[in-house]
Amino acid sequence: MEEIEMLSIDATDPHQEYHQELLKILKDATKDNSIVYEFKFDNQYCYCKVTKYEIDGSHQILDKKTFSKPKEVLIDIIEPFIKSFANQNDIMINNITPNKGNNSNLKIISEFNDMCNIINLNETDIIKMSELVEQEKKNQQNRPTDLNKNEKGLGNVIAFMISLIIVGIIILGMLVPDFIS
């Protein structure tokens with residue numbers, strides 16, 4: 001019998017790699033430019049494109065990929081990215097618009113004009129993506145900021161010190177007339 005040689009293949013998940021690329025681009029965004037993330041669906045593919053627009057109107061395509069298995073792309077790339085996008089930005093617009101048939105588009109725009117467009121996806125999934133954005137916005141609003149924590153702590157310390165001073169003055173005021181007499 002012949003021996004069969006097994007080749008070791010590094011199993012890398014292209015979805016995970018692309019998600020990490022998107023997160024890196026998201027972290028590199030600034031107030032001086034706008035980054036547009038576009039995910040366009042058809043029956044067999046998801047076309048992903050990331051474009052950076054400068055203030056002067058120039059633009060540069062940072063990334064462009066095509067994936068088969070659009071459902072997997074939605075779950076493995078787009079859902080986690082939408083959560084990160086909504087978590088790291090103040091979302092100003094989260095708008096669903098109808099498209100052909102039962103499909104719709106979702107436009108998410110941040111305070112500094114970074115944008116995420118999901119185009120031609122079925123209505124159920126679009127609504128789910130929009131709800132993810134709303135949920136992240138609620139979670140972000142419920143988290144106390146460090147500044148609020150510090151202000152509350154400082155306010156409590158100052159109120160306590162003022163209370164001690166007032167109580168001390170009252171006690172001193174009650175004792176001073178007894179010493180004078």
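Reader: What should I know before I start?

Author: The model is predicted, so local features need pLDDT of at least 70 and side-chain atom pairs count only at pLDDT 80 or more, while totals for chains, interfaces and linings use all residues. Residues are numbered from 1 along each chain as its sequence is written, and side-chain values use heavy atoms, with hydrogens and water left out.

Reader: In what order do the strands of the sheet stand?

Author: In general, strands of a sheet pair through backbone hydrogen bonds, parallel or antiparallel. Here strands are DSSP runs of E with at least two residues, numbered from the N terminus, and two of them pair if DSSP finds at least two bridges between them. This open sheet has 6 strands in the order β3-β2-β1-β6-β5-β4, with mixed pairing. β3 and β4 (91-98) are the edges: each has a single partner strand, so one side of each lacks a neighbour in the sheet. On average, neighbouring strands are turned by 10° against each other, direction ignored.

Reader: How many bridges join β2 to β3?

Author: There are 9 between β2 (residues 45-54) and β3 (residues 59-68), and the two run antiparallel. Y53 has H59 as its bridge partner in β3, and T51 stands opposite I61. The hairpin has 4 residues between the strands, and G57 takes a positive phi near 95°.

Reader: At what angle do α2 and α3 pack?

Author: Helices are DSSP runs of H or I, at least four residues. Axes are lines fitted to C-alpha atoms over the stretch in contact, and angles run from 0 to 180 degrees between N-to-C directions. α2 and α3 (residues 123-142) pack at about 30°, with axes 9 Å apart. That makes α2 roughly parallel to α3, a label for angles under 35 degrees. The crossing is right-handed, meaning the near helix is turned clockwise from the far one by less than a right angle.

Reader: And how far apart are the axes of α1 and α2?

Author: They lie 10 Å apart, and α1 (residues 14-27) packs on α2 at about 20°. These two helices are therefore roughly parallel as well, and their crossing is right-handed.

How values were computed:
Angles under 35 degrees count as roughly parallel, over 145 as roughly antiparallel, 65 to 115 as roughly perpendicular and the rest as oblique.
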